[in-house]
Amino acid sequence: MDTRPHESVEKSGDRMTQSRFAVLQLSGCAGCEVSLLNASEWIDQYRLMYMPLVVSAYDVPEVDILLISGGVRTDQDLHHLRTAVKKAHKVVAVGTCAISGGVANLGDRDEVRDLFLSQSSRRHVPRLLPRCQPVDAVVEIDSYLPGCPPTPELFMAVLFNPEGFQGSRSVCQECGRLKDKSIRPSRLIGFQQGNVQEGLCLINQGYLCVGSSTRGGCRAPCTRAGHPCVGCRGPSDFFIEKESTEWLGSIQRVFDTMTDIPRGEIAQALLSPQFALFLFQFSDYAGGDRPARRKDKVI
Amino acid sequence: MPTLIFPISRIEGHAQVVIDTNGSEVISAHFQATEFRGFDYFVQGIPAEQMPVIVPRICGVCSTAHHVCSVKALESLYGITPPPLARRIRELLLLGQLIQNQATSLFIFTMPDRLGTDSIFETESGNTNKHPAIAIQSLQVRKAGSDLITLAGGQFIHPVKAVIGGVTGGIPSQAAEIMRAKLQAILPVACELFDHYWQTSLEMVERIGSWGDDQPSHYIASTGSSSMNFDSDSICMLDENGKQVDCFSPAQFQEKLTFIESSFSYSDETTYNGEIMRANSLARINLSKEMGTPLADEYLQEFQKTFGKPAHAIMLFDLSRGIEMVYALERAIEILSTSLEGEETSVPFIPRDGEGFGLVEAPRGPLIHHYTVENGVIKKVKFIIPTVHNMQAISRALKVAAKRYVAEGHIDLELEKAVGRVVRAFDPCIACATH
């Protein structure tokens, strides 16, 4: 079959044999979908069958790959998820919300529950579930594409060549900032404070960056722009099947080696919500009531 | 009493339209937001300084507006003013988002209505993709906006580069020049697509016989009455005749706007003195004397000559978006032609408790963040989302459309397409509206 992009657009016969994919959007922010739209190269080689953001279609048809974004927040999410996976050969959980419930997981608080209960009488509106769940709490997932959101390059990898994707082990290795042993900060700077120096490792500058243990493959856009890594890609392969304490311990060791910042300061900062937003997913990877996610399933 | 329910696609987020009928009578038409996450609640207790990185997650489409608005809310609380270079870079961020958003709304969300397809990408029902050039070019235009966000904001969906007091750094001249050339190259592509869009809109209106609900309405926008400014400071109200009747700071929103909790939607609704109002592109176009850039001003003149000022028909929101897309490209090219490095990019600040109000003009209208901070952590927040200002206007326009297609013993199948066109004209964002 001729797979050259522009040829295939013109020949409708070829189009019919092309791979088909769909995107199921559960409760999330649509950032993953926007990222997918930035990776426009799939247009010539894949047929997008369902994605409510950009396609009007009622149901997910038979597809080769189903990407699922967002967490399971409402009874409608639950229903859509259960019906959609039956139509797909391969199911991929995409983004922090689908993999760990994401930012919506922070909503598992009493105030939010009260609100949900008080709103259960609303007409025609889907009922909210007691908590926001990751998709693999409900259905079986073939692979995971973490990131908030995953970059366009990662989307292309998951569609075209998941095994062949070349990413570094950690964000640190993709960052390009240089470490300087002679600079040892003794205090942590807040995220929003200070002037970021070009080219110098953010830890040397006193920022709480967790890129040393976070999964690579994103090419480190945040640290390159001068913002510390907050760990949205989840644990690197080295930590992925282990307890979260191992992972937190390793961050502590990095700061012990590179800085004179008191240990308590790091430990406290790691528990702050900006990090908790992403770091809680580390415990989700290998803990709770589900089996650990296998690293060979994570892109 | 039959109830018709239409789920709405090609918008941001989960929503549906519910129309109650009785014979030939349309009893009610409602636009319902069907998702909810609870950001108002789970940001309580978060250290205030961390808000600028958390709030972009309210919405991956409008993330840049939330990012900048959050920083501005905290700057108002700490009593600091960012240096001029930081404001130029933030304006670039907001323009990048405007390019991306307006291109998406025009070409991906609403162009299929003009072409009579389900999507500009191929789907089950469309045997062959008749519009590959449109699909590829549309994605190129919106990608130019994303690239600008990446340059000015670091991360491409949830930006990180705006910080309290400024931005994390300038833009090197070489990178600015590459981006300027890229936008310069995409500008004629965007104009050509928009011309095609304008033409197919005219053809569609000829076919269906209406530009939609054209009842005069109040308008709310913060871009100013001379040329456009999206990094805005105050909010203007226009009355039905286009006269500016009020202008207020973000801190006054509670006294000026009335918030109504809805019993059929996870989104609130707002009114101004009991009046239905409209936000988004048409509100800004009705407010502005000029765009302030050459090509966009040509389009604006053509628009005003054809449709008058103020213009009220709802599908003129769509055309207004095209004018703004052209403006955003031209304005970004202007800013990128100036030096964006070598100056101070941020000022220091001392955190303190109290109340802060941030305002930006997001693609969908004025966005306000209101934070109450105690002991350095968020005690209470209120996100004033522009889509919420449009909720009553959307329902009114839906009722107008429904009346057109519902008759005794007969419902015209065009109704489903009509409700889609109505909702998409307002380009609502449900993830934001419900947060």
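Helices (H or I, at least four residues) and strands (E, at least two) are taken here as DSSP runs, numbered from the N terminus. The structure is a predicted model, in which local features need pLDDT of at least 70 and side-chain atom pairs count only at pLDDT 80 or more, while totals for chains, interfaces and linings use all residues. Residues are numbered from 1 along each chain as its sequence is written, and chains are lettered from A and ligands numbered from 1 in the order in which they are written.

Confidence comes first. The complex receives an ipTM of 0.88 and a pTM of 0.91 from the predictor.

In chain B, three strands form an open antiparallel sheet in the order β1-β2-β3; two strands pair if DSSP finds at least two bridges between them. β1 (3–7) and β3 (25–33) of chain B each have a single partner strand, so one side of each is left without a neighbour in the sheet. β1(B) pairs with β2 (residues 15–22) of chain B over five bridges, and B:Leu4 stands opposite B:Ile19 in β2(B).

Helix α11 (residues 386–405) of chain B has 20 residues and spans 29 Å from its first C-alpha to its last, close to the expected 28 Å, a value given by 1.5 Å times one less than the number of residues. Of the 20 residues of α11(B), 14 are buried, so the helix is largely enclosed by the rest of the structure; buried denotes 20 or more other C-beta atoms within 10 Å of a residue's own, with C-beta atoms placed from the backbone.

Note on methods:
Buried ≥ 20, exposed ≤ 12 C-beta atoms within 10 Å, placed from the backbone.
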